[in-house]
Amino acid sequence: MKNYLQFINHASFLISNGKKSLLTDPWYSGSVFDDGWRLLFENSYEEIQNILNKVNYIWISHEHPDHFSIKFLNDYEKILKERKIKFIFQKTEDKRVISFLEMKGFAFIELENNKSFFVDD
C-alpha cells in the first residue's frame, strides 16, 4: 500500500505508509473556546469509528481544545483503548496533557525534545 494523507476535519489528518497510521489533532464535534468556535462540518460517529479502526497513533500538536478534544476522548474512549491506540505528545513542564491521558488510562508516548521518534521503519 502506498503512503497517503487524508483530510478528516479542522487540523485533523490521517497519515499512513500502508503499515502504520497516525491521526492528528482529533476534534470532530461540539464547540470550543466557550462556544466561540464550531466546526463547519461535524463528522459522524460511524465515520470516525471507521477511521480509528486504521489508526495506530494519535498525535496531539498542543493542548488547545480544537486540537486536544476532551469530548473526542470521552466519545471514543472504548475504541481507543480496545485498539490500544497510542497518543503522542511532547514533553512539557506542566504535564497536563500527559497527566490527563494517564488518568484516563490511555496508552501514550511522551516525546523528548530534539530527539527523533519513528512510528515505523
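**Figure 1. Surface and overall dimensions of the predicted model.** The protein exposes about 7,500 Å², of which carbon and sulfur atoms supply 51%, and the model shown here is a predicted one. Of its 121 residues, 39% count as buried. The C-alpha atoms fill a box of roughly 40 × 40 × 25 Å when this is taken along the principal axes. The radius of gyration is 14 Å, which agrees with the value near 14 Å that a compact globule of 121 residues would have. Among the charged side chains, 16 are positive and 18 are negative, and the centres of the two sets lie 8 Å apart.

**Figure 2. Order of the secondary-structure elements.** The protein contains four helices and eight strands, which run from the N terminus on as β-β-β-β-β-α-β-α-α-β-α-β. Of the contacts with a separation of 6 or more, 55% are accounted for by residues 24 or more positions apart.

**Figure 3. The largest nonpolar core and the surroundings of Ile-58.** This core has 23 residues, and those that touch the most other members are Leu-23, Leu-52, Ile-58, Phe-72 and Leu-80. At least two residues of the core are supplied by each of helix 1 (45-52), helix 2 (70-75), helix 3 (77-82), strand 7 (86-90) and helix 4 (96-104). In soluble globular proteins, nonpolar side chains tend to be buried together. When neighbours within four places in sequence are left aside, Ile-58 is in contact with Leu-23, Pro-26, Leu-52, Phe-72 and Leu-80, and also with Ile-85, Lys-86, Phe-87 and Ile-88.

**Figure 4. Ile-98 and its contacts.** Ile-98 is found in helix 4, and because its relative accessibility is 5%, it counts as buried. Not counting residues up to four places away in sequence, Ile-98 touches Phe-89, Phe-108 and Glu-110.

**Figure 5. Asp-35 in a loop.** Asp-35 has its place in the loop between strand 4 (31-32) and strand 5 (37-38). From Asp-35 to Met-103 the distance in space is 26 Å, C-alpha to C-alpha, and the two residues are 68 residues apart in sequence.

Key: Residues are numbered from 1 along each chain as its sequence is written. This is a predicted model: local features need pLDDT of at least 70, side-chain atom pairs count only at pLDDT 80 or more; totals for chains, interfaces and linings use all residues. Side-chain values use heavy atoms; hydrogens and water are left out. The radius of gyration is taken over C-alpha atoms; the globule rule is 2.2 Å times the number of residues to the power 0.38. Buried means under 20% relative accessible area, exposed over 50%, partly exposed in between (1.4 Å probe, protein chains only). Contact means heavy atoms within 4.5 Å. Accessible areas come from the Shrake-Rupley method with a 1.4 Å probe; for residues, only the protein chains shown count as cover. Lys and Arg count as positive and Asp and Glu as negative; His and the chain ends are not counted. The place of a charge is taken as NZ of Lys, CZ of Arg, CG of Asp or CD of Glu. A nonpolar core is a set of buried Ala, Val, Leu, Ile, Met, Phe, Trp, Tyr and Cys residues joined through side-chain atoms within 4.5 Å.
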